[in-house]
Protein chains: 2
Amino acid sequence: MIDIETKKNITSNWFVYLQNQISEQFEYLEKKISSQKPKKFRRRIWSKKNKEEGGGTSLLLENGNIFDKVGINISKVSGTFDSPFKNKILGAEKDGKYWASGISIVAHMKNPKIPAIHFNTRYIVTSKEWFGGGIDLTPCLNDKKESIFFHSKLRNICRNNKKNYKKYKKWCDDYFYLPHRQELRGIGGIFFDYETKNWEGNFKFVRDLGHGFTELASEIILRKSKIKWNTKDKDKQLIKRGRYVEFNLLYDRGTKFGLNSGGNVQSILMSLPPKAKWK
Amino acid sequence: MIDIETKKNITSNWFVYLQNQISEQFEYLEKKISSQKPKKFRRRIWSKKNKEEGGGTSLLLENGNIFDKVGINISKVSGTFDSPFKNKILGAEKDGKYWASGISIVAHMKNPKIPAIHFNTRYIVTSKEWFGGGIDLTPCLNDKKESIFFHSKLRNICRNNKKNYKKYKKWCDDYFYLPHRQELRGIGGIFFDYETKNWEGNFKFVRDLGHGFTELASEIILRKSKIKWNTKDKDKQLIKRGRYVEFNLLYDRGTKFGLNSGGNVQSILMSLPPKAKWK
C-alpha cells in the first residue's frame with residue numbers, strides 16, 4: 001500500500017495534467033469551430049496568505065467562439081479549520097487539519113442550445129481521506145436525445161468502475177435543487193462524496209471521469225456548435241443563468257466553503273456566468 | 001396609549017398608502033422624462049399558503065425610461081417560526097409567534113450614472129415590538145456632490161426625529177459589506193433595527209423616512225436623467241449589479257428570512273437586478 005504523501009502527490013499531479021489536457025482540448029475546439037481568431041485561456045496563479053498552505057492555478061477563457069466563459073481551476077491547499085466549521089468536515093472534528101486538491105470546471109456556452117457543463121473532482125485528507133466530485137448539465141432548452149446520451153455515458157463510466165450509478169444520479173438531483181423555486185438546476189448527472197474505501201479503485205474512477213468529461217463535453221459541443229439560435233433563445237439562457245447564480249450563492253457548498261476559508265475569491269466565483277437576467 | 005391591534009392597523013395602512021404614493025410618483029417621473037410611451041407598474045397580489053397568515057402586494061415596473069427595473073413590495077404577514085429560526089428573532093424565542101408588516105423598494109436605473117436605490121421600513125411584533133429599516137445608495141460611478149446631498153438629507157431626517165444618525169450610518173456600512181470582496185456594496189446611508197421604545201416617535205420617524213425617500217429618489221433621478229452615458233458606463237453598472245446579487249443571495253437577512261419562511265419567492269427576489277455581469 002502506498003503512503004498518504006504519495007497519494008497526495010499522485011492525485012494533485014493528476015489534476016495538473018487534467019487541467020492542461022482539457023484546456024488544450026477546449027482551445028482546439030475554439031479553433032476548429034470558427035475561422036475567427038480563436039481565444040486562448042488566460043492563466044492566473046494564486047496562493048493562500050500563508051504561502052505554505054498552498055494555492056492554485058486558474059484558467060479562464062472569455063468571449064470565445066464556443067464559450068461565453070469557461071473556467072478551469074485546480075488547487076492544492078492545506079490548513080486548519082476553525083471551530084464552528086471543522087465539525088462539518090469529515091475527520092476534521094478533532095484538530096481541524098485538512099489537505100485538499102481538486103479540479104473544478106464550469107463552462108457557459110455562447111450558443112444557448114448547448115447546455116452549461118459543470119465538472120469537479122477532488123481528493124481530501126483529514127484524519128480520513130476520500131474522493132468526491134460530479135458532472136452535471138444545465139440546458140436552457142429541452143433536448144431528450146442529448147440527455148439520454150449524457151446520462152448513458154455516465155452510467156457506463158460508473159458501471160466500468162463498479163460504482164452505484166443510481167445512487168450518484170439521485171445524489172446529483174438532490175444536490176442541484178433550488179428549494180425556493182422547487183426547480184432542479186439542470187438535468188443532473190452524477191454527484192458523489194466521501195468515497196473513503198479502495199483508494200486505487202476510486203482514483204481510477206476519478207481519472208475515468210476526467211477523460212469522460214473531456215469526451216462528453218467535446219461531443220456535446222460539436223453536435224450543436226453550428227445550430228442557429230436567436231435572441232429569444234439567448235434570453236432563456238440568461239434567465240437560466242440567473243438560477244445558476246442563485247444556486248451557487250445561496251446553496252453551493254463549495255462556494256460557501258471557499259468564501260469562508262480564505263480561498264481565492266476570483267477563482268471561486270469564476271463559476272458565475274458572464275451575464276444573467278432576472279424577470 | 002393605543003393598543004397593539006391599533007398599532008398594527010395604523011402601520012400596515014401606512015405602508016399601503018406609501019406604496020401607492022411612491023408608485024404614482026415613479027410613474028409621473030417616467031412620463032415627465034421622456035416623450036416615449038411611459039411604462040406603468042404591474043400589480044401582483046399574493047397570500048401565504050395559509051391565507052389567514054396574510055400576504056402582500058407587489059408592484060413591478062420594467063424597461064422604463066428611467067427604471068430598468070423597480071419593485072415596490074408591501075406585506076402584512078403573521079405565523080409561527082420553527083425552532084432553529086425563532087431563536088434568531090427578538091421576542092420570538094418562547095412561542096415563535098410573529099406579526100410583521102413593511103415596505104421594500106429596490107430601483108435599478110437604466111442610466112448607469114444614476115445609483116440604484118434601496119429603501120425599506122418595517123414594523124414587527126413578537127412578544128416585543130419594534131421598527132426597523134433603512135435607505136442606501138449603490139452608484140457605479142463616483143459622484144461626491146450626490147453623496148453629500150444624500151447623506152446630509154438623511155442626517156436631517158434623523159436629527160428632526162432625535163435619532164442617532166452616526167450610529168445608523170455606521171450600521172448601514174457594517175451591514176452592506178461584502179466580506180469576501182472586502183467591498184462596501186455602495187455608499188451606504190442609514191440602517192436601523194430593534195427600535196422598541198417610543199412607538200409614536202418611531203412611527204413618525206418611519207413616516208418621515210417614507211416621504212424623505214420619495215423626495216430623495218426624485219431629486220437624485222431628476223438631477224441626472226438627461227445625462228448621457230455609453231456602453232462602458234453600462235458595463236460598469238452590470239458588474240456592480242453582480243455585487244448586488246452576491247450580497248443579496250449570500251448575506252441579506254431579509255432574503256434569507258423570506259426564502260426560509262414561506263414568503264413569496266417572486267416578490268423576495270424582485271430585488272435582483274434585471275441583468276448582471278461577472279468577469
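Predicted model: local features only at pLDDT ≥ 70, side-chain atom pairs only at ≥ 80, totals over all residues.
**Entry: relation of the chains**

I began with the superposition of the two copies. Chain A can be laid on chain B by a turn of 180 degrees with a shift of 0.0 Å along the axis, and the RMSD is 0.0 Å. I noted this as the relation of a two-fold axis. I then looked up the contact residues: 100% of those of chain A recur in chain B, so the same surface serves both copies.

**Entry: largest cavity**

How many cavities of 30 Å³ or more does the structure hold? I found two. I took the largest cavity to begin with, and its volume is about 90 Å³. Its lining is made up of 13 residues. Nearest the centre of this cavity I listed H108(B), A116(B), T138(B), Q237(B) and R241(B). I then checked which elements give two or more residues to this lining, and they are β4 (97-109) and α6 (231-250) of chain B. Of these, α6(B) supplies the largest share, four residues. Sorted by class, the lining of the largest cavity has eight nonpolar, three polar and two charged residues.

**Entry: second largest cavity**

I went on to the second largest cavity, which has a volume of about 80 Å³. I wrote down its lining residues from chain A in two groups. One group includes H108(A), M109(A), I114(A), P115(A), A116(A), T138(A) and C140(A). The other includes Q237(A), K240(A), R241(A) and Y244(A). Which elements give two or more residues to the lining of the second largest cavity? I found β4 (97-109) and α6 (231-250) of chain A. The most comes from α6(A), with four residues. By class I recorded six nonpolar, three polar and two charged residues for the lining of the second largest cavity.

**Entry: helices α1 and α5 of chain B**

I looked up two packed helices last. Such a pair is described by the angle between the axes and the distance between the axes. For helix α1 (residues 4-33) of chain B and helix α5 (residues 199-224) of chain B, the axes come within 10 Å and cross at roughly 10 degrees.

Key:
Residues numbered from 1 in each chain as written. Chains lettered and ligands numbered in written order. Heavy atoms only, no water. 1 Å grid on protein atoms, 1.4 Å probe; cavity = no way out; pocket = protein on both sides within 12 Å on 5 of 7 lines; lining within 4 Å. Points joined across faces, edges and corners; volume = space filled by probe spheres on them. Nonpolar A, V, L, I, M, F, W, Y, C, P; charged D, E, K, R; others polar. Axes fitted to C-alpha atoms, helices over the stretch in contact; angles between N-to-C directions. Least-squares fit on C-alpha atoms with pLDDT ≥ 70 in both. Contact = heavy atoms within 4.5 Å.
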